[in-house]
Amino acid sequence: MSMLSKLRCITVDVTGTLIAYKGQLGDYYCMAAKSVGLPCPDYKRMHEGFKLAYKDMASTYPCFGHAAKMPNVVWWKTCVRDSFVRAGYEYDEETFEKIFRRIYASFGSSAPYSIFPDSQPFLRWVREQGLKVGIVSNAEYRYQDVILPALSLNKGSEWDFGVFSGIEGIEKPDPRIYELALERAGNIAPEETLHIGDSMRKDYLPAKSVGMHALILDRFKTPDAKEWRQSGAIVLPDLMAVKDLLTSENSTC
C-alpha cells in the first residue's frame, strides 16, 4: 500500500520549498537607492545589516508585529531603516521614505521570487488525488494575498487553506502552527497528514512532534542534509521525488 493512500492532507512550506528568492537582497536595495539618485549601498554590508535588523525585529515584534498590532508597513519600515543604519547608511526622512516605498513595493510583488518548476504540477496533482493542500509559512499577509497568486499558486487550484504567521500570530517552530493547520484542514488527524519543508528545526521536528508525517526538501544541496539523514529524516531533492515516494509501495515518512 502506498503512503498516498493513507493521507488526507499535505501541508507545505513556501520559501525554499515552493519558491525561491531571485538575485541578492542588495540588488533591490541598490535599485531603490539609484531611483532617488544615490549610489548603491555595499552589498555585503547591506546583507549583514539586514540580517541583524530582521533578527532584532523578529525577536522584539514576532509574527511581523501581530501581538503589538503593528501595521505591516510600519514593521518593515522599522526593519529597513535599521538595516541601512547598521550597514552605515543614514538618509533624511524624505529620501528614506522614497527608498523604502520602492523596497516595500518590490518585496510585495512577485519580482524578487521565482517558482520552482515542479511546484504547481505537484500541488495540482495532490489535489487531484482528493487530498487537501495547506500552506504553512512564516510569512506576512502579502504572501497569501499578492505574492503566491502572482506566481500562479492560487487558493482553489493549487492550495485549499493557508496558515501564515503574520496573520495568525503563531510562527514556526511553534508546534501550535501545525495544530492550527490540522484544524484548518477540517480536524484531519495528524497521522493522515504529511508536512513538506526545507528546515529540520522549523518544519520537520515540530510537525513530527504533533504526530504528522514529515520530510525535508534539499533543493540547494545544503551540507546539513547529511546530518538530517543520519538523524532519521527523509531528505529528497525536489517535489517530483516526493511524488515518487508517495506512490511507491510500502513507503513511509
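The buried residues of helix α2 pack against α1 (25-34), α3 (62-65) and α4 (72-87), in what is a predicted model. The protein contains twelve helices and eight strands. Its radius of gyration is 19 Å, close to the 18 Å that the globule rule gives for 253 residues, so the protein is as compact as a globular protein of that length.

**Overall dimensions and burial**

- Along its principal axes, the C-alpha trace of the protein spans about 65 × 35 × 35 Å.
- Of the 253 residues in the protein, 48% are buried.
- When contacts between residues at least 6 apart in sequence are considered, 68% of them join residues at least 24 apart.

**Helix α2**

- The buried residues of α2 are Met46, Gly49, Phe50, Ala53 and Met57; seen down the axis of the helix, they fall within an arc of 105°, so they line one face of α2.
- On the face of α2 turned away from its buried side lie the exposed residues Lys44, Lys55 and Ser59.
- At the start of α2, the backbone nitrogen of lysine 44 is approached by a side-chain oxygen of aspartate 42, which reaches to within 3.1 Å of that nitrogen.

**Salt bridge between glutamate 192 and arginine 8**

- The count of salt bridges comes to 15, and one of them joins glutamate 192 to arginine 8, with the closest N and O atoms 3.3 Å apart.
- Glutamate 192 lies in the loop between α9 (176-184) and β6 (193-197), whereas arginine 8 lies in the segment before β1 (9-12), so the pair ties together parts that are 184 residues apart in sequence.
- Glutamate 192 counts as partly exposed because its relative accessibility is 23%, and arginine 8 is also partly exposed, with a relative accessible area of 42%.

**Salt bridge between lysine 77 and glutamate 97**

- The side chains of lysine 77 and glutamate 97 meet in a salt bridge with an N to O distance of 2.8 Å.
- This pair links distant parts of the chain, with lysine 77 in helix α4 and glutamate 97 in helix α5 (residues 93-107), 20 residues apart.
- With a relative accessible area of 23%, lysine 77 is partly exposed, while glutamate 97, at 19% relative accessibility, counts as buried because buried means under 20% relative accessible area.

**Salt bridges around lysine 172**

- Aspartate 203 forms a salt bridge with lysine 172, in which the closest N and O atoms are 2.9 Å apart.
- Aspartate 203 belongs to helix α10 (residues 200-209) and lysine 172 to the loop between α8 (165-168) and α9, so this pair ties together parts that are 31 residues apart in sequence.
- Both aspartate 203 and lysine 172 are buried.
- A network of salt bridges links Asp203 and Lys172 with Asp13.

Conventions:
Residues are numbered from 1 along each chain as its sequence is written. This is a predicted model: local features need pLDDT of at least 70, side-chain atom pairs count only at pLDDT 80 or more; totals for chains, interfaces and linings use all residues. Side-chain values use heavy atoms; hydrogens and water are left out. Buried means under 20% relative accessible area, exposed over 50%, partly exposed in between (1.4 Å probe, protein chains only). Helices (H or I, at least four residues) and strands (E, at least two) are DSSP runs, numbered from the N terminus. The arc is that of the directions from the helix axis to the C-beta atoms. Contact means heavy atoms within 4.5 Å. A polar contact is a pair of N or O atoms within 3.5 Å; within protein, one must be able to donate a hydrogen and the other to accept it, and residues adjacent in sequence count only if both atoms are side-chain atoms. A salt bridge is a side-chain nitrogen of Lys or Arg within 4 Å of a carboxyl oxygen of Asp or Glu. The radius of gyration is taken over C-alpha atoms; the globule rule is 2.2 Å times the number of residues to the power 0.38.
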